[in-house]
Amino acid sequence: MRQAGAYSGLLCGGVSGRTGPHSLPLARIKKIMKNSGEDVKMISGEAPIIFSKACELFIEELTRRSWIMAIQGKRRTLHKEDLASAVIATDIFDFLITLVSSSESHAVGGATNVMEVETIDCS
Amino acid sequence: MEDSIGGSSSNDNNIIKEQDRLLPIANVGRLMKQILPQNAKISKEAKETMQECVSEFISFVTSEASEKCRKERRKTVNGDDICWALATLGFDDYAEPMRRKSRTKIQEASTNQNDLC
């Protein structure tokens, strides 16, 4: 298994370059941070900036691992079951197991992909 | 978008809060697309699941950083706390690029750095 970290350096300039300094809205990140707990009182200005980068790396790694699941299933469309499989297979994503399980409980039990018909977003 | 207080119906409030809970699906979808091969497609449900996962990631890391601040009796969660939390929770690969960024920022500000990142 290739390490995602080996690629993140190559991509980070490209992603940021294409979408401006921050590809994710800082105000929204800050709001999510505030909602994470009532003991989160004050957030410094650089924290959402760091998170915007960390989230890009997170999305990159989870997408990459999910794509491996899709390929193993001989598919070219990424489904949410692929994300669930990637979460289950990766230690550092174990905090997401409950979240992906609740939306697709049968994905936890087996590798069978029942949802053959998916609406494809071609935008 | 600002939260409206008292002036909207509960439905409007719920819609606003629901939107605020997640990062925009367009931004998330674009980032996913940039990582995959050209002929790959992404279902809408996969994008929605990724939105949820990213928000959970932010909350998870923020909670860890916030707990550290509480123990050290500080009120403000800063960039170093986020970097520390990322490394603590196993996202070392993410913390490293942040480390360089954080140090550059610190040098510009001419303040002391405790090498937390």
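Select chain B to begin: among its contacts with a separation of 6 or more, 35% are between residues 24 or more positions apart. Keep in mind as you go that this is a predicted model. Chain B has 5 helices and 2 strands, and from the N terminus its elements run α-α-β-α-β-α-α. Of its 117 residues, 40% count as buried. Its accessible surface is about 6,500 Å², with 46% of that belonging to carbon and sulfur atoms.

Now switch to chain A. Here you'll find 6 helices and 2 strands, in the order α-α-β-α-β-α-α-α from the N terminus on. Buried residues make up 46% of the 123 residues in this chain. For chain A, residues 24 or more positions apart supply 45% of the contacts with a separation of 6 or more. The accessible surface comes to about 6,200 Å², and carbon and sulfur atoms account for 56% of it.

**Stop one: a helix with a buried side**

Stay in chain A and select helix H2, residues 26–34. Which residues of this helix are buried? They are Ile29(A), Ile32(A) and Met33(A). These residues sit on the same side of H2(A), because they cover an arc of only 105° around the axis.

**Stop two: the aromatic rings**

Next, show the side chains of Phe51(A), Phe58(A), Phe93(A), Phe95(A), Phe57(B), Phe60(B), Phe91(B) and Tyr94(B); ring pairs link them into a cluster. Over all chains, the count of aromatic pairs is 9. Zoom in on Phe93(A) and Phe91(B): their ring centres are 6.3 Å apart and their planes meet at 35°, so this pair is tilted. To count as edge-to-face the angle would have to be over 60 degrees, and to count as stacked it would have to be under 30.

Select Trp84(B) along with Lys68(B): the lysine lies over the face of the ring, at 5.3 Å from the ring centre.

**Stop three: two residues that touch the other chain**

Pick Ser44(A), in the loop between strand S1 (42–43) and helix H3 (46–72) of chain A. Ser44(A) counts as buried, with 13% relative accessibility. Its side chain is joined to that of Glu46(A) by a polar contact of 3.1 Å. What does Ser44(A) contact once its neighbours within four places in sequence are left aside? Show Thr76(B), Val77(B), Asn78(B) and Gly79(B), and you have the answer.

Then move to Thr49(B), in helix H3 (residues 44–71) of chain B. Thr49(B) has a relative accessible area of 7%, so this residue is buried. Not counting residues up to four places away in sequence, Thr49(B) touches Lys80(A), Leu83(A) and Val100(A).

**Last stop: two positive phi values**

Select Lys74(A), in the loop between H3 and strand S2 (77–78) of chain A. Its phi is near 60°, a positive value in a residue other than glycine. With a relative accessible area of 76%, Lys74(A) is exposed.

Finish in chain B with Arg73(B), in the loop between H3 and strand S2 (76–77). Phi of Arg73(B) is near 55°, again a positive value in a residue other than glycine. Is Arg73(B) buried or exposed? Arg73(B) counts as exposed, at 77% relative accessibility.

Terms used: Residues numbered from 1 in each chain as written. Chains lettered and ligands numbered in written order. Predicted model: local features only at pLDDT ≥ 70, side-chain atom pairs only at ≥ 80, totals over all residues. Heavy atoms only, no water. Phe/Tyr/Trp six-rings, centres within 6.5 Å; stacked < 30°, edge-to-face > 60°. Lys NZ or Arg CZ within 6 Å of the ring centre and 35° of its normal. Buried < 20%, exposed > 50% of the residue type's maximum accessible area, 1.4 Å probe, protein only. Helix = DSSP H or I, 4+ residues; strand = E, 2+ residues; numbered from the N terminus. Arc of directions from axis to C-beta. Polar contact = N/O pair within 3.5 Å; in protein donor to acceptor, adjacent residues only side chain to side chain. Contact = heavy atoms within 4.5 Å. Areas by Shrake-Rupley, 256 points an atom, 1.4 Å probe, with all protein chains shown as cover.
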